[in-house]
Protein chains: 2
Amino acid sequence: MPVNLVATPVAELYPVPGVRWGITEAGIRKVGRKDLSVLLLEEGASVGAVFTQNRFCAAPVQICREHLAKNMGIRAMLINTGNANAGTGADGLNRAQASCIALARELNLSPEQILPFSTGVIMEPLPHDRIAAGLPAALADARENNWGQAAEAIMTTDTVAKAFSTRIKLGGTDVTITGISKGAGMIRPNMATMLGFLATDACVSPALMNQLATELAEGSFNRVTVDGDTSTNDSFVVVASNKAAHAPITSLDSAEGQALRAAMLAIARQLAQAIVRDGEGATKFITIQVEGGKTGAECRQVAYAIAHSPLVKTAFFASDPNLGRILAAVGYAGINDLDQTRIDLYLDDVLVAKNGGRHVDYVEADGQRVMKQSEITVRVLLGRGTAADTVWTCDLSYDYVKINADYRS
Amino acid sequence: MPVNLVATPVAELYPVPGVRWGITEAGIRKVGRKDLSVLLLEEGASVGAVFTQNRFCAAPVQICREHLAKNMGIRAMLINTGNANAGTGADGLNRAQASCIALARELNLSPEQILPFSTGVIMEPLPHDRIAAGLPAALADARENNWGQAAEAIMTTDTVAKAFSTRIKLGGTDVTITGISKGAGMIRPNMATMLGFLATDACVSPALMNQLATELAEGSFNRVTVDGDTSTNDSFVVVASNKAAHAPITSLDSAEGQALRAAMLAIARQLAQAIVRDGEGATKFITIQVEGGKTGAECRQVAYAIAHSPLVKTAFFASDPNLGRILAAVGYAGINDLDQTRIDLYLDDVLVAKNGGRHVDYVEADGQRVMKQSEITVRVLLGRGTAADTVWTCDLSYDYVKINADYRS
């Protein structure tokens with residue numbers, strides 16, 4: 001059961017001028033499910049992207065990097081579920097490239113203008129012939145108001161389609177921002193999530209797009225974790241179709257640049273948090289806020305140690321205020337000169353530990369009350385500086401084990 | 001169900017001359033269970049120890065370090081279960097010290113000659129008065145052939161008492177080595193396990209004891225992981241009672257030093273592996289062997305990434321050869337210049353992936369056959385050097401979640 005997450009109604013997902021989605025069933029792994037999506041961009045769109053830092057990155061990620069480096073103007077993206085095309089060696093690169101060539105032929109483009117994305121089981125050969133065979137149907141389906149269907153088509157173990165949309169004014173002009181994402185397990189993004197696509201019709205100089213993608217990922221997908229497993233296929237793509245009438249944004253620090261970035265970050269964060277809310281087996285949404293560090297990096301390190309501790313995660317699942325487990329995780333996070341006598345721990349507004357020990361006024365009933373909630377904030381004060389950072393995660397339940405023991409079968 | 005682990009029969013646990021255990025019920029957390037043990041050493045014993053690297057180390061760990069530094073000759077150890085006395089601040093230190101003072105009074109020793117150990121729930125006040133009240137009964141029970149009972153008395157979520165024993169000849173003299181350990185969850189020892197006590201009547205110069213303890217821990221307790229959570233209380237103590245008739249060992253590189261170290265390492269490794277075999281919810285015992293690295297440290301880093309991946313661990317639980325998850329873990333282990341096209345993966349003798357891709361001869365039936373075993377070796381060849389290292393772990397099952405969601409209640 002996802003935690004306080006329902007799919008956004010299709011009517012509330014605004015189309016982005018210049019951006020179309022087409023979807024079909026290609027029978028990649030199982031029959032009878034939409035598993036192939038094509039994203040079509042009109043000429044002149046700006047594209048930025050960030051990818052997994054997993055050294056075992058998938059074939060499509062390698063092809064994406066090559067095609068973006070060619071700088072020939074990205075015009076289409078090709079996304080399949082059911083197969084990750086990772087751990088597939090040279091043969092996997094050939095199959096990903098063959099899929100791009102097939103789509104390029106249909107669209108009369110160069111293969112380098114196409115970005116491929118795959119998600120699903122690792123180390124299985126990609127059925128690129130079935131992808132090629134599915135392309136005409138996907139292209140026939142292409143339209144601007146297809147975001148909701150695209151969000152459904154890229155799901156794997158997700159239980160809720162993840163799509164969010166907003167509109168802002170830029171230089172007096174209405175601008176739309178719409179994005180989708182997928183992911184529920186193998187989630188500890190490092191520069192991106194499993195798959196995320198965020199588009200706007202705002203006019204943004206192509207030179208800014210990678211910076212924009214990186215900054216958005218830093219504030220959203222790079223702050224969530226389900227199980228600490230960084231996927232081989234993580235990809236986050238940001239598109240500006242440049243169709244809106246305002247003057248082009250040439251700096252993210254201009255008033256318009258800041259407004260656009262803030263609005264896009266809000267959507268990116270919703271998409272990233274939706275992945276945690278729909279985390280495999282999740283029953284609780286946990287915000288881990290670490291303050292008083294010397295650097296943001298060490299705050300993040302502590303937050304991730306807590307977020308990845310199976311003992312902390314199972315305690316949340318059980319609604320058991322066994323909060324010493326949080327202190328233990330703080331202690332092994334890897335800060336060598338950490339002084340335990342300066343550490344305070346809050347659960348929402350309840351002061352649990354003060355100066356490294358149980359607070360005198362803390363009673364278990366207070367901890368119990370917060371632990372029963374479906375949304376909980378853990379706040380750790382390190383008492384050694386002014387830096388802070390936040391990470392979002394979920395609990396670890398029987399169903400996480402069930403889902404991952406059963407996946408594939 | 002522990003994996004291929006049964007308690008060693010008490011008759012096969014050889015007493016160590018000069019070392020006695022006394023055990024009693026002190027009612028520390030629950031009534032009707034043996035929860036307090038005293039280890040008594042005759043004068044002249046050499047003691048070495050290593051402790052958790054968790055910065056939130058427990059009060060008894062801090063006291064142990066202080067007392068060892070005083071170098072007054074350790075004569076007794078005091079071990080309680082049911083309460084970890086961690087996350088307890090200055091009050092916790094006082095209570096641990098009060099327990100040492102109570103035992104010192106009974107034995108007519110200085111408190112600095114006593115090492116305290118606690119294991120159990122974190123952030124609860126230690127009932128040191130109940131410990132003091134239990135001491136006379138524990139001391140009345142003290143005898144040399146009490147190792148099996150001590151192994152039972154230090155258990156928490158363990159399901160099998162962990163004790164092993166051996167005899168070797170040193171300079172023509174029979175020497176005994178006997179050890180016990182406890183631990184099943186919160187296991188990713190860093191310089192030790194939850195609790196481990198290893199004693200010999202061999203004669204070893206006191207100056208060598210910390211080196212011996214460190215080397216033994218490195219080859220045993222520091223190579224096992226259940227859930228990646230480093231405990232606040234990890235302690236591993238090595239005792240030489242110096243009662244045997246051979247000439248004292250003054251260097252671990254002498255023939256006798258090497259023989260003793262090898263025999264002690266074998267027992268330490270059995271104790272450490274027993275913790276994994278009895279890992280919370282474990283159904284499989286997994287050996288992760290990483291070869292062809294530039295350094296041992298990077299091999300260990302890769303081995304731990306695999307050993308800690310919830311996705312890999314659940315696949316083992318399911319006997320599902322979803323082995324791409326292992327490649328993904330290799331990829332995110334943090335070796336930045338890793339070349340995926342040089343990596344080979346074996347499951348026991350089955351070559352699964354060659355040069356970073358699925359091996360052409362690999363068929364899933366072969367992977368399936370190995371995954372169904374209760375003991376599995378994962379072998380990763382990094383193809384970048386000659387270093388190697390090995391880590392032992394277990395799978396992640398429903399029961400891990402159940403045990404940790406229910407613990408305390």
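## Helix H1 of chain B

Helix H1 of chain B (residues 59-70) has twelve residues and reaches 17 Å from its first C-alpha to its last, close to the 16 Å expected at 1.5 Å a residue. The expected span is 1.5 Å times one less than the number of residues. Helices (H or I, at least four residues) and strands (E, at least two) are DSSP runs, numbered from the N terminus. This is a predicted model, in which local features need pLDDT of at least 70, side-chain atom pairs count only at pLDDT 80 or more, and totals for chains, interfaces and linings use all residues. Residues are numbered from 1 along each chain as its sequence is written, while chains are lettered from A and ligands numbered from 1 in the order in which they are written.

The buried residues of H1(B) are Ala59(B), Pro60(B), Val61(B), Ile63(B), Cys64(B) and His67(B). A residue is buried if 20 or more other C-beta atoms lie within 10 Å of its own, exposed if 12 or fewer, and partly exposed in between, with C-beta atoms placed from the backbone. Strand S3 (46-51), H2, strand S5 (114-119) and strand S9 (235-240) of chain B are what these buried residues pack against. Just after H1(B), Asn71(B) takes a positive phi of about 60°.

## Nonpolar core

The largest nonpolar core has 275 residues. Such a core is a set of buried Ala, Val, Leu, Ile, Met, Phe, Trp, Tyr and Cys residues joined through C-beta atoms within 7 Å. Helix H6 of chain A (residues 255-277) gives the largest share of this core, ten residues.

Ile306(B) is among the residues with the most contacts inside the core. Not counting residues up to four places away in sequence, Ile306(B) touches Ile288(B), Val312(B), Ile326(B), Ala329(B), Val330(B) and Val378(B). Two residues are in contact if their C-beta atoms, placed from the backbone, lie within 7 Å.

## Domains of chain A

Chain A is assigned domain 1 (10-277) and domain 2 (285-406); the bounds come from an automatic or database domain assignment. Taken over C-alpha atoms, the centres of the two domains of chain A are separated by 33 Å. Ten residues of domain 1 of chain A are in contact with eleven residues of domain 2 of chain A. On the side of domain 1 that touches domain 2, H6(A) gives the most, with three residues.

## Contact between the chains

The contact takes 55 residues from chain B and 55 residues from chain A. On the side of chain B that touches chain A, the largest share, six residues, comes from H9(B). Because 100% of the interface residues of chain B are also interface residues in chain A, the copies meet through the same surface.

Chain B can be laid on chain A with an RMSD of 0.0 Å by a turn of 180° and a shift of 0.0 Å along the axis. The two copies are thus related as by a two-fold rotation axis. In chain B, the C-alpha nearest the axis belongs to Tyr398(B), 2.7 Å from it. The superposition is by least squares on the C-alpha atoms of residues with pLDDT of at least 70 in both copies.

## Positive phi in loops

Asp348(A), in the loop between strand S12 (344-347) and strand S13 (350-354) of chain A, has a phi near 50°. Asp348(A) is partly exposed, with 17 other C-beta atoms within 10 Å.

Ser319(B) has a phi near 55° and is placed in the loop between H8 and H9 of chain B. With 18 other C-beta atoms within 10 Å, Ser319(B) is partly exposed.
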